[in-house]
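Have the structure open as you read, and follow the pairs one at a time.

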Amino acid sequence: MTSRAEPVPAPEGIETHRLQVLEDPDGNLTIDQILERRERFEDVLVKAPNYRYSSSAYWFHLSVENRRQEPIPLYLDVQHMLLEYVTLYIVRAGGRGEIG
């Protein structure tokens, strides 16, 4: 039996798709290089991914669409206390932004 990735749960009026991951073994790729490798992302098939201790960087991709008429605040909740840092990139059709 093959596992299928499910959309990430979200509030009403917010549409999400499957969470995907790409491993960067050297941890040297930039956001532009990652965007060029979009087809290499793989579906995350578990509810809480855990990649153990690794020197790799893991890039996650999640599409989110607000179908409400008004903006809604969304939060990224990372519950792994051993992470050195997390950078959130928001990529839109008109460009991108980085939230450290």
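## Glu65 and its partner

Glu65 has a relative accessible area of 37%, which makes this residue partly exposed. Bear in mind that the model is predicted. The side chain of Glu65 pairs with Arg67 in a salt bridge, where the closest N and O atoms are 3.6 Å apart.

Which residues do salt bridges with shared partners join into one network? They are Glu15, Glu65 and Arg67. Arg67 also meets Glu15 through their side chains, with an N to O distance of 2.4 Å.

As for accessibility, Arg67 is exposed because its relative accessible area of 52% lies over the 50% cut-off. Glu15, at 25%, is partly exposed.

## The Arg18 and Asp43 pair

Another salt bridge is formed by Arg18 and Asp43, and here the closest N and O atoms are 3.1 Å apart. Arg18 is in the loop between strand 1 and strand 2 (20-24), and Asp43 is in strand 3 (residues 42-43), so the bridge ties together parts 25 residues apart in sequence.

## Overall count

In total, the structure holds 3 salt bridges.

Methods:
Residues numbered from 1 in each chain as written. Predicted model: local features only at pLDDT ≥ 70, side-chain atom pairs only at ≥ 80, totals over all residues. Heavy atoms only, no water. Salt bridge = Lys/Arg side-chain N within 4 Å of Asp/Glu carboxyl O. Buried < 20%, exposed > 50% of the residue type's maximum accessible area, 1.4 Å probe, protein only. Helix = DSSP H or I, 4+ residues; strand = E, 2+ residues; numbered from the N terminus.
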